[in-house]
Amino acid sequence: MPEPLPQEEPVELRVSVILVAHNQAPALRRAIEALEKSQERERMEILLVDCGSEDESPRLDTEYPGVTILRLPHHFGATKAMNIASRTAKGQFLFVLSPDVEVVPDTVKQLADRLDIENDAAAVCPLLVDPAGQSASRVGKLPNRDDLRAACRGDDPPPSAIDTTAESIAIEYAGRDALLVRRLFVKAMNYFDDRYGHYWADADLAVQIHRAQKRIKLYPSIRATWHREPDPFLGDSGFAADCVNGAAAYLSKYEGFAAGLAFRIGAIFSALLGFRLGELGGLLSGSKVDGS
């Protein structure tokens, strides 16, 4: 009687990459093709949350069979999309990645190696550079009211001064362009706070990390390329209102109800004086992009 063939041990997934996208097929192809060349690709899963795209994005798994697409009928905001992916993920680490970011073959592995040994860190990130190799990372301190107000106006944050010769840099806020975070940490905080729609859940995560007396570390020697693309939601009144309402929720949570209310009232008067009636309606209702 022939001996049974030995069964292969299942490969333990180390990193779950989370891409959240809406009508960004060309950028997604670039990002996915770079991820497919990653070291230890067999220990990585790529989860693409498609937020109601009308381009080729929902069908990219026919081109890249190693990608799992989670299709949403509408754009319910990045927070809900990240929560869906985080609950689906099987990796030890979650790598939240913008479709506009292109990794190099060792980016993901190096970040995971660092987080494996950095017991005081809950998250790590690479240095983002532009296609010319110049620093383009948008990291810094946790946003204050002026920062939130400027972001809601659509202003770009000032460039970050980063010592590119340092081995690592502790930062307060890394955004969600390229952030590797422990999945158990996200699970322990009951995932991303659903009081946010599209904006500011990443700032809330940063606060939770610091309150847990953990760190976010940036490694200048680990790099990825950020391809600056226009904001697909610039000028969209619903997303503009969502940005303000999310900022008000953030201030209410960490500075008190009055701070959040004052921020929202200021934005309401600004929208009224600027005759931005679509945005005004969203501000008055306090709604998020998911309609709640």
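F269 lies in helix 8 (helices are DSSP runs of H or I with at least four residues, strands are E runs of at least two, both numbered from the N terminus). Together with F257, L261, I265 and L272, F269 makes a nonpolar surface patch with about 510 Å² of accessible area. Patch members have over 30% relative accessible area and no salt bridge, with nonpolar side chains joined within 5 Å; areas come from Shrake-Rupley with a 1.4 Å probe.

A quick word on the source: this is a predicted model, where local features need pLDDT of at least 70 and side-chain atom pairs count only at pLDDT 80 or more, while totals for chains, interfaces and linings use all residues. Numbering runs from 1 along each chain as its sequence is written, and side-chain values use heavy atoms, leaving out hydrogens and water.

On to the charges: the structure holds 20 salt bridges (a Lys or Arg side-chain nitrogen within 4 Å of an Asp or Glu carboxyl oxygen). Here are some of them.

| Pair | N to O distance |
|---|---|
| D113 and R14 | 2.8 Å |
| R14 and D116 | 2.5 Å |
| E279 and R276 | 2.8 Å |

R14, in the segment before strand 1, and D116, in helix 3, are 102 residues apart. R14 is buried at 6% relative accessible area, while D116 is partly exposed at 35% and D113 is too, at 26% (buried is under 20%, exposed over 50%, partly exposed in between, with a 1.4 Å probe and protein chains only). R14, D113 and D116 also belong to a salt-bridge network with E40 and K109.

Terms used: Patches are made of residues with over 30% relative accessible area and no salt bridge: like charges are joined within 9 Å, nonpolar side chains (Val, Leu, Ile, Met, Phe, Trp, Tyr) within 5 Å.
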